[in-house]
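Could you walk me through this model in my viewer, one selection after another? I would like to know what to pick next and what is there.

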Amino acid sequence: MHRGWPGAGGRGGGRGQGRGGWQQSDLPSADDAAAWLQGRLPDGWFVAAPDVTVDREEILIVGELPPVEGEFADSDAGRAERAAAAAGRISRFREQTREERMDIANQAEHRYRRKVAWGARIGDTEELFTTASVPVMTRLRQPERIVLDTLVDSGVARSRSDALAWAVRLVGEHADEWLADLREAMAKVDELRAKGPTGE
């Protein structure tokens, strides 16, 4: 999972920008969302610039909080205690920043016409706050339905929709570089379309 701001190898530039030809024609571009948030977020919230991920429905902002203080034993119990302390610290951040996060989200939603969701992490402990779960309609032929039913029957997924989400996540994890190349190609097509045949 990439981190950082677009232009610096970050996740915001690698996963779902406001591009895509006809699919994005009814939405304002969110290419500058990470930069806008960099200027809008209060100083001191995060130890570095947060990850900003954009798709057609949502802007997700996930920031790294300062590490928890205290000594934790290098054992299963110690690691569990560290994770619990990190979860508590994330919960405190969520409560203390709620009103200001809502205000920033309202401004961003007005600017980009997408819902805004938040998250925070400390080390390997990450929590996302009220992210959107968006239904996606599709038609599948029998071979594809058999794949989903196999995942359900084997207990890998609870339902066909669960199995489809699992398959999409798997593709995303193992095809990151290819998807990034595809988005870059789509961005080039958008630029050429905007220039028109005169090249202006």
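**Stop one: helix 2**

Start by selecting residues 33-40, which make up helix 2; its buried residues are Ala33, Ala34, Trp36 and Leu37. Keep in mind as you look around that this is a predicted model.

What covers the buried residues?

**Stop two: the strands**

Zoom in on strand 1, where both faces are covered. Asp51 and Thr53 are buried on one side, while Val52 and Val54 are buried on the other. In general, side chains in a regular strand alternate between the two faces of the sheet.

Strands 1 and 2 are paired in the antiparallel sense, with four bridges, and a hairpin of three residues joins strand 1 to strand 2. For a landmark in this pairing, pick Val52 and look opposite it for Ile61 in strand 2.

**Stop three: a patch on the surface**

Finally, switch to a surface view and select Val156, Trp166 and Leu170: they form a nonpolar patch with about 240 Å² of accessible area together. Leu170 belongs to helix 6 (residues 160-174). Is Leu170 buried or partly exposed? Its relative accessibility is 35%, so Leu170 counts as partly exposed.

Definitions and conventions
Residues are numbered from 1 along each chain as its sequence is written. This is a predicted model: local features need pLDDT of at least 70, side-chain atom pairs count only at pLDDT 80 or more; totals for chains, interfaces and linings use all residues. Side-chain values use heavy atoms; hydrogens and water are left out. Buried means under 20% relative accessible area, exposed over 50%, partly exposed in between (1.4 Å probe, protein chains only). Helices (H or I, at least four residues) and strands (E, at least two) are DSSP runs, numbered from the N terminus. Two strands pair if DSSP finds at least two bridges between them. Patches are made of residues with over 30% relative accessible area and no salt bridge: like charges are joined within 9 Å, nonpolar side chains (Val, Leu, Ile, Met, Phe, Trp, Tyr) within 5 Å. Accessible areas come from the Shrake-Rupley method with a 1.4 Å probe; for residues, only the protein chains shown count as cover. A salt bridge is a side-chain nitrogen of Lys or Arg within 4 Å of a carboxyl oxygen of Asp or Glu.
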